[in-house]
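Dear colleague,

Please find below the structure that I am handing over to you, together with its sequence. My findings come after it.

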Amino acid sequence: MQTACQAVQHQKGRRQYNKLRNLVKDARHDCTVFANEFHQHSYLPREKGESMEKWQTRSIYNAAVWYYNHCLGQMPVVMVTEDEDAIRQYGNETEGVFVISFKNYLDNFWPDLKAAHELFDSILQARRERESESQENNGKEYPEHLPVEILEAGIKSGRYIQGTLNVNKHRAQLEAFVRLQGFGSKETELQSDILIYGARARNRAIHGDVVAVELLPLHEWKGRTVALCENETEDKAPADTTGDPMPTGKVVGIIQKNWRDYVVTFPSKEESQSQSRNAQKILVTPWDYRIPKIRISTQQAEALQEYRVVVRIDSWESTSVYPNGHFVRVLGRIGDLEGEIAAILVENSICVAPFSEIQMSEMPMSSSKNPWKVNPEEEKKRLDLRDTHLIFSIDPKGCEDVDDALSVRTLPNGNLELGVHIADVTHFVTANSYTDVEARARATTYYLADRRYDMLPSVLSADVCSLLSGVDRYAVSVLWELEKESYEMLRVCYNKTIIRSAYKLVYEAAQGLLDGDASVVGDILELKNLDERTRQKKLDELVWAISKLADIARHVRAKRDSCGALELEGVEIQVQLDDKNNIHDLIPKQPLEVHETVAECMILANHWVAKKISENFPHQALLRQHPPPRQEFFTELRECASTKGFSIDTRSNKALAESLDKAHDPLDPIVNKLLRSMATHAMSNALYFSTGSCPEEEFHHYGLALDKYTHFTSPIRRYADIVVHRLLMAATLKETKGDVDYVFSNKDLQELCRHINNRNRAAQRAQKQSTELFQCMYFKDKTPETDECCIADGVIYSIRTNGVLVFVPRYGIKGAAYMKNKEGLVISCQGDRSCEWKPGSLHRFQSKITSTTTTGESVTLSLFDHITVKILVQTSRCHAAMIKLEIIRNASYQTSDTEVSQKNFHVVKSDLVKEVSESAEAAQRAQEKARVEVIDEDYQEYCQTKGASLYQLLEEIRDLALLDVSADIRT
């Protein structure tokens, strides 16, 4: 009801009002807002002297009575309110119109809904505790937040700075940083983030909140921590563990609270006994180190000690050390796989239920006995390429959701025609349908290590929209005419088409054909059961097409390289399984040139579609921008490169690309990979945006060196591509004077872009965390002292005051290795270069660290040194398990296996077509970016997929430690 919505805004503020409006507007909830104040029979004027609250209550009741009579009394109407006066006044006034409290509503209408009753009791108890606490506590733990109007004026004048609070997960008690978001009308000389040091300076702000910060005087500035740390609860850092002073401030107000559901663990029996005299008040520890402990009121603390549970924060008063919250629900047992996966989903606000019956009713009918067929009427509207083009797809083994295919042919005039054909998902997903609304809410397919949650039902993603070989499919095709020798693009056209893919190739087979390896022909199913002459003819046609595609791709790539396209490489890890589908090994995957061939074709299509839609819709096209990185973020890269005698020019993407190409150590190819990894850390995230939200000079994609870029080639798994498909079709209709609909306004599109960007970041984090979970599972069951899998070669890539950061090429793992332990002992090396702990001290320099024992023995570790490390798993009752590294020998670990992996690592190139995951980086300013693509052949109903074994789907995990900017560049 309109008045009820406005009452929320009046009493609870705009944030709660917006949340309510978004829930009501979500078509999946089947809600309608009745504009009762604009209806003749339900409008009531406000009486003189009547309070706003009383008038709103009276209006809501009057509209409820009118609606009851409008429905001829055939169904009761319930008005829920906590206003006791209203309940007394209206409760018995009209038969069939119930005016009751929320508790009575639950008791009378939903007596068996146990979860709702428990949640209500939890919220009620938390409110009572909060009220009694505010009466008892007069002393303030924190300064009061400034009023909103003062904050807004201060930000406008430049006194305060607005930004998002990012807590350092490695030192969550002490360090947080505010990333600048703009400075109103006043210029600032700040070129870095602002350090918020200590809990009091953070002033009750929680990770993710948008805050207003006041800078401290220059003499109070501090440096960021440069020591390795283990998320301990230390409340101060040693003076010699911080870097140069940086802008430091304090939070004076919170502009927007971004609170969410939090996964927490109850204290153990020993901890709970010492925690509080009131057994009902419990301090729970969040799974995320960056979130402070939360005080909740519950009588189930003892029963839930071994479980992960979900809580919500209700408030954080200035008189309270900790925020207050309430219990929501139980997830699962600590350490149980399902419980840990559920924790990852909740922590990233991922809620994906099975597709509903009404959504499935919108799907086309298709089965093995009665497969989907082309509609004759639709056939007349499309360009038919089935008999004129040799079309084929190239994908990983086991891939069922084939959303792109390629073609190349010689035209009658001698020129070439290159084609990129993308599944026409929007034909089956109508704008604003139930399926469309659900896909928009999900925004992407979520890939986890052992399962995935699809954006679209499997009847589309794995069947009707999948461009499988030998079947007719609807597609949207981009076709270029190229000059036969120079490959100069002469013209381009965009069409709705019907295609029939001739081959469903895997990357290895396509690469074999490109290399002239005849042994792969037996792996191509479409060439079997043919006579020799026909098979050879078809094979010759296919080899010519793949070779020509590779040649075109090299040309297109060279053109982008000349403009400054970046190539930041990474390692792709493949999981090897034993006979029982348990993890047997983690090995680097071999790269193939055909990966880049396909990738270049996709990049080309995305670029040309971006040009098309932005020309036709200059203020409401969805594009993808990759802004230039801030130069100060390249400092570590430049310093590290200089230790090897390399000079890195970061003034432009072209200069950076050329510098990185020259930074090769012929004796150690890993050096270049690590330098490219550091360059990646300096990069900003690529983001979707509406062209009407920023000037055209900001459209540029830094990593790809393209003036315009978007996402068009994966509509099965990305909602942004669905929007772009609709824009492209609207652009072609616009040119032919057709009717144009389903195009978002600039404001709505920008809001959608924010949502998609947010969901993409959540998907990346979930992928990364699930990969780390299975990494830990791999090493947890092994004995580090006796199992060779736990010993590996490591390369030092960063120096800290008490240790080093190490990359392990064998497994694609990055982690911290301490040179000083908690007892104060330091690393010492014996004659065989094996390491042990002895009393001594550490001395850190820019590119090396020296450990000196009290007996005078010393050992120095430098950047890019190879050492032998032991891989351990650090378990935690309240948090996720973590990989730890321990230095056991000051020398490279050499076996026949590592020599092979080093050789492979030298030639590794990232698969730009499929998105890859990136593992954790200990450096504080690194932004988490990860992608995992797991192909699951074992679909369950509604495509909420999960393998038959916990490890079955790990074959396609890409577990990268070297961050790959292609995730930003291409996506």
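The notes that follow begin with the chain as a whole and then take up individual regions.

This is a predicted model, in which local features need pLDDT of at least 70 and side-chain atom pairs count only at pLDDT 80 or more, while totals for chains, interfaces and linings use all residues. Residues are numbered from 1 along each chain as its sequence is written, and side-chain values use heavy atoms, with hydrogens and water left out.

The chain as a whole

The secondary structure comes to 24 helices and 39 strands; helices (H or I, at least four residues) and strands (E, at least two) are DSSP runs, numbered from the N terminus. Of the 971 residues, 54% count as buried. Buried means under 20% relative accessible area, exposed means over 50%, and partly exposed lies in between (1.4 Å probe, protein chains only). Among the contacts in the chain with a separation of 6 or more, 69% are between residues 24 or more positions apart, where contact means heavy atoms within 4.5 Å.

Two packed helices are described by the angle between their axes and the distance between the axes. For helix α1 (residues 2-12) and helix α2 (residues 14-25), the angle is about 155 degrees and the axes are 7 Å apart. Axes are lines fitted to C-alpha atoms, for helices over the stretch in contact, and angles run from 0 to 180 degrees between N-to-C directions. α1 and α2 are therefore roughly antiparallel to each other (angles under 35 degrees count as roughly parallel, over 145 as roughly antiparallel, 65 to 115 as roughly perpendicular and the rest as oblique). On the α1 side the contact is made by C5, Q6, V8, Q9 and K12, and on the α2 side by R14, Q16, Y17 and L20. These residues divide into four nonpolar, three polar and two charged; Ala, Val, Leu, Ile, Met, Phe, Trp, Tyr, Cys and Pro count as nonpolar, Asp, Glu, Lys and Arg as charged, and the others, Gly among them, as polar.

H39 lies in the loop between α2 and α3 (52-70). With a relative accessible area of 23%, H39 is partly exposed. Leaving aside neighbours within four places in sequence, H39 is in contact with F34 and W66. The C-alpha atoms of H39 and A63 are separated by 9.2 Å, and these residues are 24 apart along the chain.

The barrel

Five strands form a closed barrel with mixed pairing, in the order β3-β4-β5-β9-β6; two strands pair if DSSP finds at least two bridges between them. The twist from one strand to the next averages 50 degrees. Helix α7 (residues 148-157) packs on the sheet and touches β3 (160-167), β6 and β9, and its direction makes about 105 degrees with that of β3. Strands β6 (residues 210-215) and β9 (residues 248-256) pair in the antiparallel sense over six bridges, and V210 has Q256 in β9 as its bridge partner.

How many of the eight residues of strand β18 (residues 416-423) are buried? Eight of the eight are, so β18 is largely enclosed by the rest of the structure. L416, L418, V420 and I422 point one way from the strand, and E417, G419, H421 and A423 point the other way.

Strand β17 (residues 404-410) runs antiparallel to β18 and is joined to it by seven bridges; L406 has V420 as its bridge partner. The hairpin of β17 and β18 has five residues between the strands, and G414 takes a positive phi there, near 95 degrees. Strand β21 (residues 472-482) also runs antiparallel to β18, with eight bridges, and E481 in β21 stands opposite E417.

L637, C640 and A641 are buried in helix α18 (residues 635-643). They cover an arc of only 100 degrees around the axis, which puts them on the same side of α18; the arc is that of the directions from the helix axis to the C-beta atoms. The elements covering them include α19 (653-662), α20 (670-681) and β28 (791-799). G645 follows α18 and has a positive phi near 85 degrees.

Most residues other than glycine have a negative phi. A705, in the loop between β27 (687-690) and α21 (719-735), has a positive phi near 60 degrees. At 10% relative accessibility, A705 counts as buried. F864, in the loop between β34 (858-862) and β35 (866-874), has a positive phi near 75 degrees. At 4% relative accessibility, F864 counts as buried.

Yours sincerely
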